[in-house]
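Please keep the model open while reading.

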Amino acid sequence: MPMAEIEGRKVALSNLDKILYPAAGFTKGEAVHYYASVADAVLPHLYGRPVSFLRFPDGVEAQRFFAKHVPPGTPDWVTTCKVHRSGGKTGQQVLIQDLASLIWAANLAALELHTPQWRIESERQADRIVFDLDPGDGDGATVLDCRTVAVWLRERLAEDGFTAHPKTSGSKGLHLLAALVPTDSHAASAYAKTLAREAEAALPDLALHRMTRSLRAGKVFVDHSQNSWAKTTATPYTLRAKARPTVSTPVTWEELEAARTPDDLVFLASDTPERLQQHGDLLAPLLDPAQARPLPS
């Protein structure tokens, strides 16, 4: 088994020729290379946040494995932490703090990386607000409808002093994030739910704050639930397990406005390094404490 030395750590690499995205012929080696190429952007968004993995060792068309606990065989140099769970239980989770750990995870075919809205040093204290705008599957709405809801939410958040930053989900929708002064996750969740309800009231033919499937045809589900301390969201720049190696990609509001078809807002692993050269990390403001704002009193 080949070994790579990364920042003084020896990382085993295996089956790099295995195709993980059959429709695109995208291999595990390409996934490892992708994460290495975007490490400077993705690592700050992972730092200090317990990671949940979606692993696809036999590719995106085969069985997936959801890994919240520390995987067996994890090297002792990979940082782990104790996390509190529902019912008073605790468990150990991985923190991806450096390039070696990121490549180790990619070699496990941990294609999708998901993180909570809080950091381990302030567990259950949310430092960002998130809305997952989901047009559903085959229900008539598209990411362009998500854009309409996102613009409404941007203006509503601005009324309370927040600057909203969009990214694609890497699937069919959009994520909207804003930097928050660390706040109890219950309060952040309640605030997000209020705004989701307001969005439904303002855009009754388009936005929906309830998850009920029977109500969702042609509408955008404004999912506020990921603000819960127990929930996670796809990390910026993570790959997604779709037919092609799509990426949850930060975008500008101008790009959203200019999009004419849903495909205009689909970004692949091959697109991301060039976008980072052009734009830098569009979500860098989320990492700046000076950009964070408190919830309205």
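Accessible areas here come from the Shrake-Rupley method with a 1.4 Å probe, and for residues only the protein chains shown count as cover. The accessible surface of the protein comes to about 13200 Å², of which carbon and sulfur atoms hold 50%. This is a predicted model, in which local features need pLDDT of at least 70 and side-chain atom pairs count only at pLDDT 80 or more, while totals for chains, interfaces and linings use all residues. Residues are numbered from 1 along each chain as its sequence is written, and side-chain values use heavy atoms, with hydrogens and water left out.

**Overall fold**
- The protein has 7 helices and 15 strands, where helices (H or I, at least four residues) and strands (E, at least two) are DSSP runs numbered from the N terminus.
- For 297 residues, a compact globule would have a radius of gyration near 19 Å, and the value for the protein, 19 Å, agrees with this; the radius is taken over C-alpha atoms, and the globule rule is 2.2 Å times the number of residues to the power 0.38.
- The C-alpha trace spans about 60 × 40 × 40 Å along its principal axes.
- Of the 297 residues, 53% count as buried, that is, under 20% relative accessible area, against over 50% for exposed and partly exposed in between (1.4 Å probe, protein chains only).
- Among contacts (heavy atoms within 4.5 Å) between residues at least 6 apart in sequence, 69% join residues at least 24 apart.

**Helix H5**
- The 18 residues of helix H5 (residues 185–202) should span 26 Å at 1.5 Å a residue, and the end C-alpha atoms, 25 Å apart, agree with that; the expected span is 1.5 Å times one less than the number of residues.
- Buried residues of H5 include Ser 185, Tyr 191, Leu 195 and Glu 200, and the partners against which the buried residues of H5 pack include helix H4 (143–159) and strand E12 (174–184).
- At the start of H5, a side-chain oxygen of Asp 184 reaches to within 2.9 Å of the backbone nitrogen of His 186.

**Arg 119**
- Arg 119 lies in the loop between strand E9 (110–115) and E10, and counts as buried at 18% relative accessibility.
- A polar atom of the Arg 119 side chain lies 2.4 Å from the backbone oxygen of Tyr 47.
- Beyond its neighbours within four places in sequence, Arg 119 is in contact with residues including Pro 44, Asp 127 and Leu 287.

**Cysteines**
- The structure holds 0 disulfides, a disulfide being a pair of cysteine sulfur atoms within 2.5 Å.
- Cys 81 counts as buried at 8% relative accessibility, and Cys 146 is buried at 0%.

Terms used:
Polar contact = N/O pair within 3.5 Å; in protein donor to acceptor, adjacent residues only side chain to side chain.
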